[in-house]
Amino acid sequence: MKLEDLISVSGLPGLYKMAGNRPNGLIVEDLDTGKRKFVPMRKHQFSPLETIAVFTTEDSVALVEVLAKMHEVKPSIPPVSPKSDSETLRAYFDQIVPDHDQYRVYPKDIKKIIKWYQFLDERNIFDHLSSDEEE
């Protein structure tokens, strides 16, 4: 599985794998159960992880790169709780993306990125990614 196959669906918690598309919506697969369901475009918005970026002072950094960096430094800099206060979240994110734009990257954005990272890490998605890259 690749991170590019994963999407965020507004109104639904967590991340999903895109299993198919229809003219009026998408078929998404739950990463835990493998169950598929139809999600209509009229009610939800879809954001593939590969299209999301983090604002920096010069350009932007792809979310996929930020998640990979979080996984790389996890042994030395473990992620903070998403329920932490704004200063703790900002201090952690400064270590991951030191040049992020502090005026356009809000604490709620940092919370969401940490939640997504924890969601993927709990399901060992990063381990599957490294083995896929080796092949």
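H3 is followed by Asn-124, whose phi is positive, near 55 degrees. Asn-124 takes that positive phi even though it is not a glycine. The residue sits in the loop between H3 and H4, and because its relative accessibility is 39%, it counts as partly exposed. On that scale, buried means under 20% relative accessible area, exposed means over 50%, and partly exposed is what lies in between (1.4 Å probe, protein chains only). Helices (H or I, at least four residues) and strands (E, at least two) are DSSP runs, numbered from the N terminus.

A word on the model: it is predicted, so local features need pLDDT of at least 70 and side-chain atom pairs count only at pLDDT 80 or more, while totals for chains, interfaces and linings use all residues. Residues are numbered from 1 along each chain as its sequence is written, and side-chain values use heavy atoms, with hydrogens and water left out.

Back to H3. The buried residues of H3 are Ile-110, Ile-113, Ile-114, Trp-116, Tyr-117, Phe-119, Leu-120 and Asp-121.

Now for the largest pocket, which has a volume of about 310 Å³. A pocket is an open set of points on a 1 Å grid over the protein atoms alone, where a 1.4 Å probe fits, with protein on both sides within 12 Å along at least five of seven lines; lining residues have an atom within 4 Å of a point. Grid points are joined across faces, edges and corners, and the volume is the space filled by probe spheres set on the points. The lining includes Ser-8, Val-9, Pro-13, Gly-14, Gln-45, Lys-112, Trp-116 and Phe-119. Strand S1 (6–9) and helix H3 (107–122) are the elements that give two or more residues to this lining, and H3 gives the most, with 4 residues. By class, the lining has 5 nonpolar, 5 polar and 2 charged residues.

Of its 27 residues, Leu-49, Val-66, Leu-67, Met-70, Phe-93, Ile-113 and Leu-120 touch the most other members. H1, helix H2 (86–96), H3 and helix H4 (125–134) each supply at least two residues of this core, with H3 giving the most, 7 residues. In soluble globular proteins, nonpolar side chains tend to be buried together.

Helix H1 (residues 63–72) has Leu-63, Val-64, Val-66, Leu-67 and Met-70 buried. Seen down the axis of H1, these buried residues fall within an arc of 160 degrees (taken from the directions from the helix axis to the C-beta atoms), so they line one face of the helix. Glu-65 and Glu-72, on the other side of H1, are exposed.

Finally, here are some C-alpha pairs that are apart along the chain.

| Pair | Apart along the chain | C-alpha separation |
|---|---|---|
| Val-9 and Met-41 | 32 residues | 10.0 Å |
| Tyr-16 and Gly-34 | 18 residues | 9.7 Å |
| Leu-120 and Gly-14 | 106 residues | 9.2 Å |

Val-9 lies in strand S1 and, at 2% relative accessibility, counts as buried. Tyr-16 is in strand S2 (residues 15–22) and is buried too, at 6% relative accessibility. Leu-120 belongs to helix H3 and is buried, with a relative accessible area of 0%.

Terms used:
Nonpolar A, V, L, I, M, F, W, Y, C, P; charged D, E, K, R; others polar. Core = buried A, V, L, I, M, F, W, Y, C linked by side-chain atoms within 4.5 Å.
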